[in-house]
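User: Please take a close look at the aromatic residues and the nonpolar core around them. I want one connected account.

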Amino acid sequence: MKIILKILASLVGCLLLVAVALAATDTFHERQCRLSPEVGTVVTIPGETITVLSLPTGEGAPLVIDVVREPFKIPDYELQAEHGHIHRHQEESFEILQGRAGFLIGDQRLEAGPGEVVVGPPNTLHHWMALGGEAVRAKVTFSPGDDVAEFFKYFHAHVAEGPVDFFQAAVIAREYPEGTPLPAAPHPLAWDIALRVLAPIGRLLGYSAC
């Protein structure tokens, strides 16, 4: 029994060393995809259409997009924290233009209609949806907007083509680390570590963010 435990401990130690080495490799990766989408670029995925309204004009400047979100196709769905995400570096504000939206910001539940604004602070769980069975349209501002437009363009382009596996997602996320949202569950830190470990493997397998 002791021998088995020693073997298992050795395997766990080796796996941890490999994970640390991969994460270190990712830290020194020179990013390749530096082309931002143009103003007017439209990104469409099932249930949502995003149009770039204005791009950051310098480091720390905001990104503004137009978002049309269709009602979720899950009967009687209610916003759940485990389905939300965080933006580690950005404040995200939603100005409702058409329809009504429900929001989960941290542990607070809100509703907003045309002319109303809801703000999600940086590093705060949030989730939103269309209410009343109709699409909701919002002007969404990310401050700062670094990497956000690039993430939307390339990640959603892959989503539109079909399912995105973990390696592809990790490569894109680590190409645009400032603008990549992290799922709230199991924990954003766990996702961050996983992405740092998986991205180098994905690159070796031939995945690209572009």
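Analyst: Phe142, Phe151, Phe152 and Phe155 form one aromatic cluster in this predicted model. In total, the structure holds nine aromatic pairs. One of them joins Phe72 and Tyr77, with ring centres 5.3 Å apart. Their planes stand at 85°, so this pair is edge-to-face. Phe72 counts as partly exposed, at 30% relative accessibility. Tyr77 is buried, with a relative accessible area of 13%.

Tyr154 and Tyr176 make another pair, with ring centres 5.8 Å apart. Here the planes meet at 5°, so the pair is stacked. Tyr154 belongs to helix α2, whereas Tyr176 sits in the loop between α3 and β11, so the pair ties together parts 22 residues apart in sequence. Tyr154 is buried at 11% relative accessibility. Tyr176 is buried too, with a relative accessible area of 0%.

Now the core. The largest nonpolar core has 29 residues. Within this core, Ile65, Phe103 and Trp128 touch the most other members. Elements that each supply at least two of its residues include strands β2, β3, β5 and β6, along with helices α2 and α3. Helix α2 gives the most, with five residues.

Leaving out residues up to four places away in sequence, Phe103 touches Leu79, Phe94, Ile96, Gln108, Arg109, Leu110, Ala112, Val118, His127 and Trp128.

Technical notes
Residues numbered from 1 in each chain as written. Predicted model: local features only at pLDDT ≥ 70, side-chain atom pairs only at ≥ 80, totals over all residues. Heavy atoms only, no water. Core = buried A, V, L, I, M, F, W, Y, C linked by side-chain atoms within 4.5 Å. Buried < 20%, exposed > 50% of the residue type's maximum accessible area, 1.4 Å probe, protein only. Helix = DSSP H or I, 4+ residues; strand = E, 2+ residues; numbered from the N terminus. Contact = heavy atoms within 4.5 Å. Phe/Tyr/Trp six-rings, centres within 6.5 Å; stacked < 30°, edge-to-face > 60°.
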